[in-house]
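Work through the following exercises with the structure open beside you, and try each task before reading its solution.

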Amino acid sequence: MMSRLGVWFMGVLARVPLPVLRAMGAALGRVLFVLVVPRRKIALRNLELCFPQASVEQRTQWARESFIVFCQTWLDRSWLWSAPQSVVEQRVKLQGAVQELDGDVPTIIFAPHFYGLDAGGLVLPLRTSRAFTSIFSTHPDPVIDAWFMAGRQRFGDVRMLNRADGVKPIISNLRKGGLLYLLSDMDFGAGESIFVPFYGVPTATVPSLSRFARLGRAKVIGMYTRLTPAGYVAELTPAWDHYPTDDVEADTARMNRELESYINTMPGQYYWVHKRFKTRPEGQPSLYK
């Protein structure tokens, strides 16, 4: 019942003017930054590892911004997933190498965990009629999971796949000229990962981008979505040169370097509340103690 009430309330918030909604998110984010101590410590530790040269004050500012943007983008799902299409098109802009979506060349869109990734994923099907596949983990609450799936599939030919579905439907869609929206920058444990540098720290990283690109004979482009006062701007990059190669480790390290270059432009909008460095090479101690 509480989940259904929450989904209903998000529908109500869709009618709230964007500046008011963003102010609500900012206030909530500041409160959570103070109250949710474990996640605050994780964000600050991640930023310390990635930006050791930055001052404590600067890293604290980025961590606070991360909480604020998290809350703002959560509340923005109200209008992203239920407001009229015209509202979404007005507030979410797609720019950069948009021409990379044309044609039928199999294409993987590397979309790392900036908080605006749902806005970016929603605007893509409005720009192209190509079949669009994305991989997400199932939410444990079936009401919330249904809300997530319906929102993410509201425009275009979008197929949401569970990570447990395996790679066959992913590769099949790619080889037919489809698009894959891939979020491959989280720590999924040692069993699925290899260790490559991320901001100089050996980091468990899934090599799926390189492997899917080779299996699907696909080009790779990046998409980085930034929250702005007017909504969002999703920027597409040109196709990566000489990618993939025969060296999965080198490809995965390059993916992290590409990600770093965009995090550096908006450090406060990346998903720092996740234990990105939780999995350590054998014999190495935790970085979060």
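**Exercise 1. Determine which residues of α9 are buried and which elements they pack against.**

Solution. In this predicted model, the buried residues of helix α9 are Ser 208, Leu 209, Ser 210, Phe 212 and Ala 213. Taking these buried residues to their partners, one finds that they pack against the strands β2 (107–110), β3 (132–136), β5 (179–182) and β8, and also against the helices α8 (168–175) and α10. Beyond the end of the helix, α9 is followed by Arg 217, which has a positive phi near 50°.

**Exercise 2. Describe how α9 packs with α10, and classify the angle.**

Solution. Two packed helices are described by the angle between their axes together with the distance between those axes. For α9 (residues 208–215) and α10 (residues 248–263), the angle is about 120° and the axes lie 8 Å apart. Because of this angle, α9 counts as oblique to α10. The next step is to list the residues that meet: Leu 209, Ser 210, Arg 211 and Arg 214 on the α9 side, with Val 248, Asp 251 and Met 255 on the α10 side. Sorted by class, this contact comprises three nonpolar residues, one polar residue and three charged residues.

**Exercise 3. Decide whether Thr 228 is buried or exposed, and find what it touches.**

Solution. Thr 228 is located in strand β8, which spans residues 219–228. Its relative accessibility is 16%, and since buried means under 20%, Thr 228 counts as buried. Leaving aside residues up to four places away in sequence, Thr 228 touches Arg 22 and Val 233.

Methods
Residues are numbered from 1 along each chain as its sequence is written. This is a predicted model: local features need pLDDT of at least 70, side-chain atom pairs count only at pLDDT 80 or more; totals for chains, interfaces and linings use all residues. Side-chain values use heavy atoms; hydrogens and water are left out. Axes are lines fitted to C-alpha atoms, for helices over the stretch in contact, and angles run from 0 to 180 degrees between N-to-C directions. Helices (H or I, at least four residues) and strands (E, at least two) are DSSP runs, numbered from the N terminus. Angles under 35 degrees count as roughly parallel, over 145 as roughly antiparallel, 65 to 115 as roughly perpendicular and the rest as oblique. Contact means heavy atoms within 4.5 Å. Ala, Val, Leu, Ile, Met, Phe, Trp, Tyr, Cys and Pro count as nonpolar, Asp, Glu, Lys and Arg as charged, and the others, Gly among them, as polar. Buried means under 20% relative accessible area, exposed over 50%, partly exposed in between (1.4 Å probe, protein chains only).
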